[in-house]
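Student: I would like to learn how to read strand pairing and helix packing from a model. Can we work through a case?

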Amino acid sequence: MPLSSVDAAAKRGVAAVQQYSLLSARSLGNLFRRPFYGADIITQADLIGVGSLPIVILTGFFTGGVLALQSASTLAQFGAAAITGQLVSFSMIKELGPVLTSLMVSGRNASGMASELGSMMVTEQIDAMRALGTDPLKKLVMPRIVSTIIMLFFLTIVSDAVGILGGAGVAVGLLGQDASQYFHNAYQSLQYPDILQGLVKPLFFGFIIATIGCYYGMNTRGGTQGVGRSTTQAVVVSSVLIIAMDFVISNFMIGIFGR
Amino acid sequence: MADLAVQQDVPESQVYPDAPAVRFEDVSIDFEGKDVLEHISFEVKRGETRILLGPAGVGKSVLLKLANGLFRPDSGRIFVFGYEVSAMPEEDLFRLRETIGIVFQEGALFDSLTVRDNVGYRLMEQHVPDDEIDQRVTEALRFVELEHTLTKLPSELSGGMRRRVAIARAIITKPDLLLYDSPTGGLDPITSTTIMELVIKQRDFYGTSSLLVTHRLQDAFMLVSHRFDKETSTIMQLPDGTTDPSTSFLVLHQGKLVFDGSTHDLVHSDDEFLKQYLA
């Protein structure tokens, strides 16, 4: 590759990061400026949160179930099948609940945001909005960021709870373990740092999903093909960033709390 | 330059009453290294209508978006009602745009909103009471003869109707400057005539300063050769040899302004490109 191409690609990359940062900062700054689009936040919360509930419940339930199924047989080799509940609750609350819920919501909503805003871009609706005196970052982006962060937090709690129930269903119903023992272990082994770790992650993941979805939507060029490209990129980039951020947060929290 | 934040009681268009509606000073812009507009300078006086002609892809729409502050020039300065839009913060631009109406090439209606909400969008954002919105939306739709479409979605309208709704949306707040981006592009001749009649009606009834982009000569010449008669509420042709004095032309070619003058000067120009273009 010629040096000029590397140079141009690097400049494009830096410019994209700069644009992304500006979009995120200005959108969040708009939270404290009038007019406040409260109704749009509620609408988006319904679309993103309530709309994602079925897939989050299903994913959480089966993830908890398969976790119990796989871990119970391994734990049994060491005579530790009794701590299946502990393993399921630990895994669900600290890692799988936040990450899988975020990936599901990303697949559903980052793509939705990118395609919706992208379509508005290519049909000049965003320009029309600006021309009519409305800031699209305030009207379209800010409500999506706020509602995704809030709703992902609660969806993660739902996913954790349903996952532990799914694990219980398998451990008790299929593997014949004692229900009281399962829930006792699942509950007693948890400490506040574990809960904190599991609840901090969706706040960051929600921010990533909404800002990436909106960034690609607002930078869509090139007609319907461009909309398709933005949608794909939004899902891919937000998914990779979620997993990378998960590692960073886990490392940071373990460093602070030692677990 | 006055700060918009301290001009709450005076409409933005009246803060500098002597300033022209639009003024371009040596404006240039490029996209991805390609020069789109080079050293463009012209003026739209208050109450004047300027028709911007030029072949497709020459940068006419870009120029219109520059005038509305939707794009920023790479060099040069753009003034609207005395405010330098090329240097204003976006927040101030939103307020200045309340005095500007724009009709986009394809209408750019919000596809998830009804005609009523599209036309009344600006009023809804200003938290105007619902009753007043309904009344003003109906009035604006009556102007474009579409008051029966209030509850329809844009997808349920024909191309010409969508364009007329876009005009209603642009004029509902009675702006002091109207920007039309190819309002008849892609429409059949009869619908195009209907749209141009609305532009003429707006020009002669309200005397709004306008900048109209088109590549259709028949539309441009209809605009200069017709007037709206307020008494009979009809569009009438001006006598032979006369043209509307408040309407004049700009012609873009290869990113440069090659003509700025009256209808008479345009049709009698010796410029080879203009002769070929008008032929």
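Student: Which residue in strand 8 of chain B is the bridge partner of B:Leu179?

Tutor: In general, strands of a sheet pair through backbone hydrogen bonds, either parallel or antiparallel. In this predicted model, B:Leu179 has B:Leu211 as its bridge partner in strand 8 of chain B. The chain gets from strand 7 of chain B to strand 8 of chain B through helix 7 (residues 189–206) of chain B, in a right-handed β-α-β crossover. Five bridges link strand 7 of chain B and strand 8 (residues 209–213) of chain B, in the parallel sense.

Student: How many bridges join strand 6 of chain B to strand 7 of chain B?

Tutor: Four bridges join them, and the two strands run parallel. Within this pairing, B:Gly101 has B:Leu178 of strand 7 of chain B as its bridge partner.

Student: Which way do the residues of strand 7 of chain B point?

Tutor: In a regular strand the side chains alternate between the two faces of the sheet. Here B:Leu177, B:Leu179 and B:Asp181 point one way from strand 7 of chain B, while B:Leu178 and B:Tyr180 point the other way. Five of the five residues of strand 7 of chain B are buried, so this strand is largely enclosed by the rest of the structure.

Student: In what order do the strands of the open sheet in chain B lie?

Tutor: The six strands follow the order 6-7-8-3-11-12, with mixed pairing. Strand 6 (100–103) and strand 12 (256–261) of chain B are the edge strands, each pairing on one side only. On average, neighbouring strands of this sheet are turned by 15° against each other, direction ignored. Strand 11 (residues 247–253) of chain B pairs with strand 12 of chain B in the antiparallel sense, over five bridges. There, B:His253 has B:Lys256 of strand 12 of chain B as its bridge partner.

Student: Which strands do helix 6 and helix 8 of chain B lie across?

Tutor: Helix 6 (residues 159–171) of chain B lies across strand 6 and strand 7 of chain B, at about 170° to strand 6 of chain B. Helix 8 (residues 217–225) of chain B lies across strand 3 (49–53) and strand 11 of chain B, and runs at about 160° to strand 3 of chain B.

Student: At what angle do helix 2 and helix 3 of chain A cross?

Tutor: Two packed helices are described by the angle between their axes and the distance between the axes. The axes of helix 2 (residues 38–77) and helix 3 (residues 84–122) of chain A cross at roughly 145° and come within 8 Å. Their crossing is right-handed. The residues of this contact comprise 14 nonpolar, 11 polar and one charged.

Terms used: Residues numbered from 1 in each chain as written. Chains lettered and ligands numbered in written order. Predicted model: local features only at pLDDT ≥ 70, side-chain atom pairs only at ≥ 80, totals over all residues. Pairing = 2+ DSSP bridges. Axes fitted to C-alpha atoms, helices over the stretch in contact; angles between N-to-C directions. Contact = placed C-beta atoms within 7 Å. Buried ≥ 20, exposed ≤ 12 C-beta atoms within 10 Å, placed from the backbone. Right-handed = clockwise from strand over helix to strand, strands pointing away. Left-handed = near helix turned anticlockwise from the far one by under 90°. Nonpolar A, V, L, I, M, F, W, Y, C, P; charged D, E, K, R; others polar.
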